[in-house]
Amino acid sequence: MNTPLTRRSFLSRIGGGLVISMVLPTQSFGQAIRRMSPAEMRDLPAAPNAFLKIAPDNTVTVISKHIEFGQGTFTGLATLAAEELDADWDQMRVEAAPADVELYANLNMGMQGTGGSSAMANSYYQMRKAGAAARAMLVATAARLWNVPEKEIDVKSGIVRHAPSGRTSGFGALAETAAQMPPVTEPVLKNPADFTLIGSDLRRVDGLEKSSGQAIYTIDMTLDGMVHSSILHPPVFGATVSRVDAAAALGLPGVLAVHEVGRGVVVIARTRYAAMQGKAALEVEWDLTKAETRSSEEMFTTYAAAAQTPGAEAEKRGEGDMPLKDAARQIEAEYRFPFLAHAPMEPMGAVVDLTPEKVDIWMASQLVTRDQREIEKVLAFKPEQVEIHTMLAGGSFGRLGTPDAEFAAEAVGVAKVWGQGPVKHLWYRENDIRGGRYRPMCVHKLRGGVDDAGNISTWDQVIAVQSFLKGTAFDGAVRNGIDRSAVEGAMGMPYAIPNLRVGLHLMENGVSANFWRSVGSSHTCYAVETFLDDLLELGGRDPVAGRLALISEEEPRLRRVLEQVADMANWSGASRGGDRAMGVAIARCFRSYVAEIAEVSRGEDGLPKVHKVWCAIDCGVAINPDLIRAQLEGGVGYALGAAMYDEITIDANGQPEQSNFDTYRSLRLSEMPEVEVSIIKSQADPTGVGEPGVPPVAPAVANAWKKLTGSRIRTLPFTRGIST
């Protein structure tokens, strides 16, 4: 890989060095290719050789099976290994794992990939065992070389010591001999009370590289002889190429070729600028025969009509919705949630070097196994002919985790039709926001009632939403008309409501959809937590006290975070006095428990002005509290921006109307509220952090807005819901 002398590459050469690493022999780990329970993860044998490299200069490199897209996974995994290895934090390094599902499967997903806020949860014991096994092998080696008992040897801050003789050694001097030993498969792990790194605010292992420009992303890469490609996608989802006039494009300086690839027309050129110019000069007619041409409003009308009927039953308690007719008081409401783009800072990109024998592809691969399988199909290659080099990613929020891996397939398809050397295939932000994949739009219909004493007696919720798993490689997750990702957060809610029914309509829609940060909870939490506030108000209950009364005794961790956040915000009722009010919402998301309170006033623009968000989370063992706080702070900003402003609207011709940050904007720095985070101390195994902070933000703000103005926002974003 070569990098041109850009600002980023110039910075990267300052202080660079050469590391010659020595790899311990690899151990088979084939049983990891399936989903595992937490207990099974604890019982897995150690595989230090797949996850650690110790170099002669004492550096320890952790092989990360999870992509790093800003969430701090590299730092978390290095912490787990370093803790058990008793390494010094300065000697830790991290690099991405190659594509190898037998070695690097995500134990929660059964494939190599990152998602569902699962990185720390599924690696907690695996990486600790890798570190502990390597430590045991280093100690055994030192004992043999020094002819002393192993029990007299200690390891601290990367130094192996035999106190009686005064002998010491770094890891590097022992590693080559240790590599000859049989792997230690059942190492003894530390008592958590002895942790020195886990639970500390360690600095990020990639912080300096990213802040100084040394970090290399896909867009920074060049290869000798590399050309550039840019693709024109259809303006409407599902359209195909009918006719191409490429004469004008081919007449431009630097343009080398024009081809139909997948669902678009690609221009291959000597430079990125020439590729862009060539794309702009294309004349393409599109076949709309199978295209999705409905507008957003037409889709909402269809969805709302479906939500009037029960749908497939996801959950039923007691008599379901039948007691509603006998409720002392009841209310009903309809909620509308728009399509949402992911809008990460880094657009999709890949560099592909294809030869008849193999393909090397550099890209930010979130679902590595899916990308590998689709590349194999396009090229008719065997797995060992596909080498995926997973790069750092500039955000994802679900965007890179596409079940059909169409971007990887498109990129190698371009290299295949070019057939003359490496190609850098880049999407522009307009490619993604106008024609990528969205959080699906949906409609919720809710009805609920309270009894004479003000207790919530009945809850009926119907959701109409498109499944982004149905018909894909993950189709098996959809059973009996229920896609659990569509109802998570509504199904199995923690409130002790005696009669409850949750129904689901899986809507047909030609617009491409995908996971979005916090997945189904990104919309279910809003509907549940705001409608619950309305029912509590109907019964004369306080939002916090009412929730505590409804949360089952079997949910002590959820009760704890709610009590904690109420203490933090000095909750004494939703009215804050003056021109401010507070709202509360909770979520149980990716096995973590989160409660948030937002303090809100009316802004000069007529929209909610959020002054502060208090957040309490129980995510089990806090591996790096500073990163947890950062994830929750980022989640607040991401969720608030989406709630306030964001929507993808489809016009009367079926075309998305937004294209870039000028029409699909994020929260601005001046709009970011103060965020105060409390992490509940816990000895439970770690759970998710990246997504759980997102769901409660919007409903907490909306509940405060209702108290402040008396107006309930049932259509998102707020810019639309408040004006209608």
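1. Two rings of Phe, Tyr or Trp (for Trp, the six-membered ring) form an aromatic pair if their centres lie within 6.5 Å. By this criterion the structure, which is a predicted model, holds 13 aromatic pairs. One of them joins Phe237 and Tyr438, with 5.6 Å from centre to centre and 80° between the planes. Because planes over 60 degrees apart count as edge-to-face, the pair of Phe237 and Tyr438 is assigned to that class.

2. The pair links distant parts of the chain, its two members being 201 residues apart. Phe237 belongs to the loop between β8 (227-232) and β9 (240-245), whereas Tyr438 belongs to the loop between α14 (429-435) and β19 (442-450). Phe237 has a relative accessibility of 4% and therefore counts as buried. Tyr438 is likewise buried, with a relative accessible area of 0%.

3. Other aromatic residues deserve mention. Tyr335, Phe337, Tyr526 and Phe718 are joined by ring pairs into a cluster. Two arginines lie over the faces of tyrosine rings: Arg517 is placed 5.4 Å from the ring centre of Tyr638, and Arg665 is placed 3.6 Å from that of Tyr645.

4. An unreviewed UniProt entry places the feature "domain: Aldehyde oxidase/xanthine dehydrogenase a/b hammerhead" at residues 212-290. In the model, this stretch of chain is 19% helix and 38% strand, and its end C-alpha atoms are 48 Å apart.

5. Helices α16 (residues 521-538) and α17 (residues 543-550) pack with their axes 10 Å apart, at an angle of about 100°. The angle therefore makes α16 roughly perpendicular to α17. On the α16 side the contact involves Glu529, Leu532, Asp533 and Leu536; these meet Pro543, Gly546, Arg547 and Leu550 of α17.

6. The peptide bond joining Leu716 and Pro717 is cis, with omega at about 5°. Pro717 is located in the loop between α20 (697-709) and α21 (718-721).

7. Which residues other than glycine have a positive phi? Val519 is one of them, with phi near 50°; Val519 is found in the loop between β23 (499-506) and α16. Phe590 also has a positive phi, of about 50°, and lies in the loop between β25 (580-589) and β26 (592-602). As to accessibility, Val519 has a relative value of 10% and so counts as buried, while Phe590, at 23%, counts as partly exposed.

Note on methods. Residues numbered from 1 in each chain as written. Predicted model: local features only at pLDDT ≥ 70, side-chain atom pairs only at ≥ 80, totals over all residues. Heavy atoms only, no water. Phe/Tyr/Trp six-rings, centres within 6.5 Å; stacked < 30°, edge-to-face > 60°. Helix = DSSP H or I, 4+ residues; strand = E, 2+ residues; numbered from the N terminus. Buried < 20%, exposed > 50% of the residue type's maximum accessible area, 1.4 Å probe, protein only. Lys NZ or Arg CZ within 6 Å of the ring centre and 35° of its normal. UniProt positions renumbered as here; feature names shortened; annotations may be inferred. Axes fitted to C-alpha atoms, helices over the stretch in contact; angles between N-to-C directions. Parallel < 35°, antiparallel > 145°, perpendicular 65-115°, else oblique. Contact = heavy atoms within 4.5 Å.
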